[in-house]
Amino acid sequence: MPEQVSLGAGAPVLAADVGGTVTKVSVVDETGRVSPPVRVPTPSGSTDTPAAILNTISDTARGLPGSDRVRAVGVALPGIFDEDRGVGVWSENLGWRDVDFGSLVQEHFRLPAACAHDVRAAALAELRLGAAHGLRDVAVLTVGTGIAAALFVDGRPHVRGGYAGEIGHVVIDPAGEPCPCGNRGCLEATASAAAIARRYGEASGTSVAGARDVLERSRSGDRTASIIWSSAIDALASGIAHLSAAMAPQAIVIGGGLSEAGEDLFGPLQEGVDARFRLRPTRLLRARLGEDAGVIGAAVVAREGAPSHREPAGGPHR
Ligand SMILES: [Zn+2]
């Protein structure tokens, strides 16, 4: 993580970002300094995965300086997560449905606790400390193993049961690859970092470690790699153009593993978005907090509560 990351003075808190394969745990002290995250494998396949995950977080935290002084806990979780209710609605990778994480975390740690979607947690970190700082209408799009956006409208998170911003599961190619959501040819199954590597492997018969390898092969003249890379950019550009038209944001911040490609991604992506939506310019920004944005966001959530946007009583829709 960038060395200067500090949340500023406030309560010391414990933060965890639960990923599909790796969980990161940090302690934030009174000055707001975020300790370098400790990475441990995410337990899966157990009869009670949520409990196993919480045990892993507390076991890991015990070894961290300052963990005995924390006064609140924040946890970022994958899948579909509804901050308005504190409920993990669905995780394909970790195999849960409708788990009341808000209560579980609070009971486990016996401390005030807040949980958030991993993408919205990372977005909140970008909003407080990173590329989206100072913006009120912004989408933060994470393109990594999956694709999802976190939306902030007039400075407030737009959650809607955990489903707002799930643009990764819109079909862009009905004949495309199967997606964990049950559909085929979703944006995520076409253009996520994981999908780029997998599609290249299938098309070329050569398996690669990640999207970065596909980009490097494309640069050195591998035609299959170029086709896969360009088709992913086209798909992303299309998704982002629709997002831009729907919310007219001040900027769209792009993070996640694929954003590490830098200008190789942002150059053609900006062109692609501009070509698809000419009515109003779309400003694309690169996320600043890198791969630890999720755990930094979990710390923000521990201090200020989940990025929930409950509709006032009698509100127009839910
Ligand atoms: Zn899908």
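About 1,400 Å² is buried between domain 1 and domain 2, with carbon and sulfur atoms giving 65% of that area; buried area is the accessible area (1.4 Å probe) that two parts lose on being put together, summed over both. This is a predicted model, in which local features need pLDDT of at least 70 and side-chain atom pairs count only at pLDDT 80 or more, while totals for chains, interfaces and linings use all residues. Residues are numbered from 1 along each chain as its sequence is written, and side-chain values use heavy atoms, leaving out hydrogens and water.

Where are the two domains? Domain 1 covers 13-125 + 291-309 and domain 2 covers 134-287, with bounds from an automatic or database domain assignment. Their centres, taken over C-alpha atoms, are 25 Å apart. Across the boundary, 17 residues of domain 1 are in contact (heavy atoms within 4.5 Å) with 17 residues of domain 2. The count of salt bridges between them is zero, a salt bridge being a side-chain nitrogen of Lys or Arg within 4 Å of a carboxyl oxygen of Asp or Glu.
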